[in-house]
Amino acid sequence: MRRTGAASAAGEAYGSAAGSVGTAGPAAGISSVDVTDRGLPAWLDPVATVARGIRPEQLSAFLPPEGGGGRQSAVLVLFGEGARGPELLLMERASSLRSHAGQISFPGGALDPEDGDPEAEGPLRAALREAEEETGLDPSGVQVFGVLPRLYIPVSGFVVTPVLGWWRAPSPIGAVDQAETARVFTTPVEYLTDPVNRATSVHPRGHRGPAFLLDDALLWGFTAGVVDKVLHFAGWERPWDRSREVPLDWHA
């Protein structure tokens, strides 16, 4: 990975050098991934600023175990601009999956050996590779502009690196494997910031967290937590009723 533009404090563990964005096509796999915030649309500048200075504890109370441990994974937090303005790429997991069935999430998954060093470009390659495998997007049209601190999902033992991307050259998307992905879609940022669509999810085990009421689905859990923090620290959050609760099903 080569970093250009302003250096990111959150991503310094991944190295730094001058260069420009570049990825190879699907047949060749993902090549060297550059991280640059140059040329972003002005509305994304606040998110790039978040990536440069946010601390892990500002994102989540669940941080990777000290001394290592956990399965390394990555997700692609991909911002685009559609007919309804700035938007975010999301997907719905298939209802037949053994874990996280039917949940809304970012594209992503565990690092594979071919992704490379987890302390270097591995998470970036994994985020782009998984996004391509799950949604069919062309990774060469994605500009990686930041990396958020690694977070931890205790229930699954995953250590997750959120990779921030700008969809500078959109490509067709859709569920590549219906056995794993029910659908792929984009949601306007304006919709996510609307207080009418905000609530607090309440898990049967007592866990509470931010939630977003989409047209026909509920965004909650890890993904909702990342979205919530990005909106907050980017200055996009609007006051919403945190006492409004949405109970989750017993099997959630």
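Residues are numbered from 1 along each chain as its sequence is written. In this predicted model, totals for chains, interfaces and linings use all residues, while local features need pLDDT of at least 70 and side-chain atom pairs count only at pLDDT 80 or more.

Colleague: How many helices and strands are there in the protein?
Modeller: Both are DSSP runs, numbered from the N terminus: helices are H or I, at least four residues, and strands are E, at least two. The protein has five helices and 14 strands.

Colleague: What share of the 252 residues counts as buried?
Modeller: Buried means under 20% relative accessible area, with a 1.4 Å probe and protein chains only. Of the 252 residues, the buried share is 51%.

Colleague: What is the volume of the largest cavity?
Modeller: A cavity is a set of points on a 1 Å grid over the protein atoms alone, where a 1.4 Å probe fits but cannot get out. Volume is the space filled by probe spheres set on the points, joined across faces, edges and corners. Two cavities reach 30 Å³ or more. The largest has a volume of about 60 Å³.

Colleague: Which element gives the most to the lining of the largest cavity?
Modeller: Lining residues have an atom within 4 Å of a point. Among them are Val77, Phe106 and Leu231. Strand E3 (71-82), helix H4 (189-193) and helix H5 (221-233) each give two or more residues. With four residues, the top contributor is H5.

Notes: Side-chain values use heavy atoms; hydrogens and water are left out. On a 1 Å grid over the protein atoms alone, a cavity is a set of points where a 1.4 Å probe fits but cannot get out, and a pocket is an open set with protein on both sides within 12 Å along at least five of seven lines; lining residues have an atom within 4 Å of a point. Buried means under 20% relative accessible area, exposed over 50%, partly exposed in between (1.4 Å probe, protein chains only).
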